[in-house]
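Subject: Structure handover

Hello,

Here is the structure for you to look at. My notes on it follow below.

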Amino acid sequence: MKIFTSILILAIILSSCGNKETEPKAEVKTELEEVKLPKQNFTETEIAKYTISAIMHQPYEILNVKNKSGIYYVSYTRKDDRKKFDYKIKINGKNITWGNSDGRWRETQFDEKIKYSEKGNVLTITQTFEDGSSIVDSFKKTE
């Protein structure tokens, strides 16, 4: 009887191993779905310009921007002493990272976090500091 039970269990195990063809197969989609992002009113060049304007408290009209492979270099010459300043900006989603053009990126846990948002023709730049305080600047589209 013990041998019969062992043979029966073995037969059940072996018969269930080969019947995978009858199981329904999961459908696998290989096409990429197109994601539509909301239309932006501001270009990344403008976002870079307004970000430095907000951080440095300078009028955006005096700022110049150059895009080099997705890094935006923003410069201006201060009117009262003719001193030139150069910065770099990178934009990742709604997050902005900046630094002096020849210095480090300000992206440590101790540096402020900068985000932007758009609502209609208004761009808002928000700087949030380690202590939880923040500075918010808004800019209207000038076209």
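**Two positive phi values**

Histidine 57 sits in the loop between α2 (44-56) and β1 (64-68); helices (H or I, at least four residues) and strands (E, at least two) are DSSP runs numbered from the N terminus. Its phi is positive, about 55°, although histidine 57 is not a glycine. Histidine 57 counts as exposed because its relative accessibility is 61% (exposed means over 50% relative accessible area, buried under 20%, partly exposed in between, with a 1.4 Å probe and protein chains only). Serine 69, in the loop between β1 and β2 (71-77), is another residue other than glycine with a positive phi, near 55°. Serine 69 is exposed, at a relative accessible area of 80%.

**Basis and confidence**

This is a predicted model, in which local features need pLDDT of at least 70 and side-chain atom pairs count only at pLDDT 80 or more, while totals for chains, interfaces and linings use all residues. Residues are numbered from 1 along each chain as its sequence is written, and side-chain values use heavy atoms, with hydrogens and water left out. The chain has an average pLDDT (the predictor's confidence in each residue, from 0 to 100) of 84, and 71% of the residues score at least 70. Confidence is lowest in helix α1 (residues 2-17), with a mean of 58, and highest in β6, at 98. Where pLDDT is low, the predicted coordinates should not be read in detail.

**Sheet**

Seven strands form an open sheet in the order β1-β2-β3-β4-β5-β6-β7, with antiparallel pairing (two strands pair if DSSP finds at least two bridges between them). β1 and β7 (134-140) are at the edges with a single partner strand each, so one side of each has no neighbour in the sheet. On average, neighbouring strands are turned by 25° against each other, direction ignored (axes are lines fitted to C-alpha atoms, and angles run from 0 to 180 degrees between N-to-C directions). The antiparallel strands β4 and β5 are joined by two bridges. Isoleucine 96 has isoleucine 114 in β5 as its bridge partner.

Isoleucine 125 touches residues including Ile47, Ile96, Ile114 and Phe139, not counting residues up to four places away in sequence (contact means heavy atoms within 4.5 Å).

Regards
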